[in-house]
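Have the model open while you read.

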Amino acid sequence: METELVEKAALGDRQAFAALIEGRYDFIHAVAWRWCGDRQDAEDVAQEVCIRLASAIRGFKGASRFGTWLYAVTLNAARDQMRKRRRAEWRDAAYLREKAVLEDHSADDGGEELWQAVRRLPDKQRDAVLLIYGEGLTHAAAADVLGCAETTISWHVHEARKRLKVLLRDAAA
Amino acid sequence: MTDLDLDKLSRRQPPSADASARAAALAAAMQAFDEAEKNTQAAQGFTGGGRPSSIFNRIWSPIMNRRFLAGSALATLLVVPVAGLFTYELVRNGTVPLKSETGIAAGPADADQRARKPVAEKAKAEAQLAAKTDASAKAAADTAESAGTPAAEPAPLAESQDEEAIAAMPQSLAVGGAANGQALSRMAVPPSVIAMPAPVEDRERFASADPNPVKSVASDPVSTFSADVDTASYSYVRRSLLGGSLPDPEAVRVEEMVNYFPYDWKGPETAEKPFNATVTVMPTPWNKGTELLHIGIKGFDTAPAEQPSANLVFLIDVSGSMDEPDKLPLLKSAFRLLVGKLKDTDTVSVVTYAGDAGVVLEPTAVKERQTILDAIDTLRPGGSTAGAEGIETAYRLAEKAFRKDGVNRVMLATDGDFNVGPASDEDLKRIIEAHRRSGIFLSVLGFGRGNYNDGMMQTLAQNGNGTAAYIDTLAEAQKALVEEAGSSLFPIAKDVKFQIEFNPARIAEYRLIGYETRVLNREDFNNDKVDAGDIGSGHRVTAIYEVTPKGSPAVLNDPLRYGKGESAATPATDGGELAFLKMRWKKPDGDTSELATMPVTDADAVADVDAASADVRFSVAVAAFGQKLKGVTALQDYAYGSILGLAEAARGNDPFGYRAEFLKLVRLASGLSGEKAQ
C-alpha cells in the first residue's frame, strides 16, 4: 500500500505524495531527532527531508526499498544539519540546549549520557550504532541504508563500542 | 561502566512531532512538489542517455581512476595552493588588474566573481534545492544559486583570473591540473577566496546620479523637482558607518539624509492648503562667496481622530536570505509595533513570497490583534524570491478589502532582489502603476545588507506613491512605522512638485543639493500626468539650493557676451525678489493639481549662519555631511570637524536622540576618513 503510493508519487500524483509524507512525517521526525538530539533541529531536518523528497521522488524506482531510501535521505539531511550547526559555533546556545535536554531527562537511566557519547562518535560509527541499536535494524539492513558491506557495519559497531567505553569512562571520571 | 548496554538506545522514545512544524513541513513539501511538476513539464536539461560529457572526459576519466595516477593527483593538490599564492602575488603587484564592478547590470563575469565568495557555501546548500528552482534563462542573473548548481559548466574557471594565473604556471605543473578540469575548478575555489585581497563585493545596488551641477541662471533660470520624503539613505549610511566603513558614495542621497530628521517648520493651519513653506536665505558655511536658499515645507498634520481607516497588506519576503537576525526577526518586531499602532477597525493581511507566493493571513480586522500577531510569528525563512508574484497576490488581497475612503496600501518588506519571475524593473513598475491608479499605494521597507537592491526599492516606492525606508534597528522601525506612521500611511497630497525660478538680476548661479533622482523637466511641472512624490500627514520636506549672488567672486560661469537684454520678462528687479517658488500638488483622491506660489525676498535673508534657526542650521549640517560623503567637490575643503561644530550648536530640542546620533556618525566618519578630528 505504501509501495503503491510511492509508485504513484513517482509518476507525479500529488495526492499520493501528500498521503505518503503525511504518513511518514513522524518516522522522519523521530529519526531526525535521534540523530540530532534537538527538537528544533529535528523539525528543520524533517522539513528539509520533505522538501527533498518532493523532487527526489519523481522517477524514483525501487518502491519496495522506499524505507531504506528514506533512511538514507534523512541521515544525509541530518548530517548536513549537524555540519551547519557545528559551523555556526554557537557554543553557548549548544551548551544551554544540552543542559535543557539533560534536565528534561534527569530521571533517565543514564541513557542520556550514552546518547551524548554516541553523537560524538565519527559519522560512520554513529550512523551504524544508531541504525542498529536506536532504530533496531539488522546489520544487513543498516548496510543497505549506508550503502556498504555488512561486515563493514559490524566493524564500525565494534569500533564504536570500543570508543564509547573510553568516552563514557572519561565522562564518568 | 565497562559493560555497554547499547540496547538502552532503543528505549529512548523521541518526543512527538510538533503539529505546527509538521504542518509547515508538509506545506513546504507540497510546494516543492508542485514546483518540481512545473520543472518536469519544462523538459529540463539533457534528455539523451548517459551523462553529458565531452570526449575529453571520456578519455581521461578511466585513466584518472587508476591508482597509479595518485601521484598526479598529489601534484594537482600542490598546484592549487601555489596557484592561489601566485594569483595573490599577481594581484598584489598589480600585474592583473582587478576590476571592481559596481554597475547595476550584473554581467556574467560579475556573477562568476560572486560565485567564489564565501556565499558559495550557502549556495551549495541551496543547490540541493536546485532541482526545484528554475535553472534556465535567469540562471546568469540568479547568481549564488546558479553558481552552486551542479549543472554548471565544467570550466567556470575559464573566464576567471585564476585561469590566467594557472596558464602562466610552468607546463609540468599545469598538466596535472588540466587533467581534471572539473575537480580543479572545485578545488581552486577555497584558495582563491583566501588569496583574493579584493574587498568582498556587495550585491547591493543603488540608484544614484552624479551630484547636480552648478547651473547658470542666465541659461537655466528654472529648477524643477519632485518631493521626496524617503529616509532610506540615512539609515543605510548610518549602518555603514557603525559597521566601520565609509558608505559607498552611490548610496548617499543627500535629500534623504536631510529629510530624515524631524524639523519644526511652521505647518499650515487647515487641511485646505496642505502645506506651508518656510524660506531662509543664509550665507553658506562652506563657501564664503555663496548663499544657501533653504526651503522647509511641512504638511498638514492630520489629527489622529480624523485618520481614515486603513487596509494594509504586509508583503513579506521570507526567502532564505532573510534568515539573519537583522532581517526577518527584526521585521517581525517591526510589524508587531505597527499593528499596535493601528485602529481596531483597520484591516491587515499578510502575504509571503519565497519561491511561491502564499497568503498567510486573509484580510483581518485589527480587533483580532492576536490572530495577526500569531500569523506574523509563524513566518519562517526559506526558498528563493518571487517578488512579482508576491506583489500580485498582495494587490489582490488589497482589492478584496478595499476601503473606498480609506488608505489602501501594500507594505513590502524585503532585503533586496526579486530574482524569480517576470521581475524586470519595467514590468514591476507597470504593475505598481496600474494599481496606484486604482488607489492602492505601495511602501517599501528595506532590511539587512549585502543584498540590498536600493534602486529597485526606490523604483517601486516612487511608482507606487509610497515611501522607502531602510530598517536597520528596532529603533528605526519605531521611527518609521510608529512615530511617523501618520506620514507614511496617510497621504495628504500626491504628486507634489516644486519649481523655483531665480531672478537673474540677483542670482548668477545655483545648485540644487540632493534630489538627483527626483529632478523633473521644466515642462513637467504643469503637466498633471507626470508622477511625483507624495507628502503624508505631518511630513516635512527640506530642499536647499546653493546660490551664487550676482557679482560674487565665487561665480563659476563667465557672463554671456551676447546674452544681454534677454531677461526682459522679469518685472521683479526692484522688489528685492531673489526667486519665485511654486508648488503644485494634487489632493490624495484628486486628478487635477493645485498651485501655490510665494516670492523669496530679501526679508527672508539672514546676515550670518548663527542668525538662522537651529533647525535650518542643523539641516544644513546634514546636507554638508551628506555631500561630503558623496564626494561633492565643493565640500572637499570643509572639514568634518566644522560639520560637527555646526550640528552641535544646532542640536536644539532632540527628544528622540536622532541628532545626538548624527553627531556620533560625523565623528565616526571623521575618524574613518583619516581626517583629523576637531
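Strands count as paired here if DSSP finds at least two bridges between them.

A word on the ground rules. This is a predicted model, where local features need pLDDT of at least 70 and side-chain atom pairs count only at pLDDT 80 or more, while totals for chains, interfaces and linings use all residues. Residues are numbered from 1 along each chain as its sequence is written, and chains are lettered from A and ligands numbered from 1 in the order in which they are written.

β11(B) also pairs with β13(B) and β15(B), as the table shows.

| Partner of β11(B) | Sense | Bridges | One bridge pair |
|---|---|---|---|
| β13(B), residues 533–536 | antiparallel | 3 bridges | A493(B) with I535(B) |
| β15(B), residues 577–586 | antiparallel | 7 bridges | K494(B) with K586(B) |

How many residues of β11(B) are buried? For this strand, residues 491–502, the count is 12 of 12. Buried means 20 or more other C-beta atoms within 10 Å of the residue's own, with C-beta atoms placed from the backbone.

Zooming out, 45% of the 678 residues of chain B are buried. The chain holds 23 helices and 16 strands, taken as DSSP runs (H or I, at least four residues; E, at least two) numbered from the N terminus. Among chain B contacts with a separation of 6 or more, 80% link residues 24 or more positions apart; a contact needs C-beta atoms, placed from the backbone, within 7 Å.

How values were computed:
Two residues are in contact if their C-beta atoms, placed from the backbone, lie within 7 Å.
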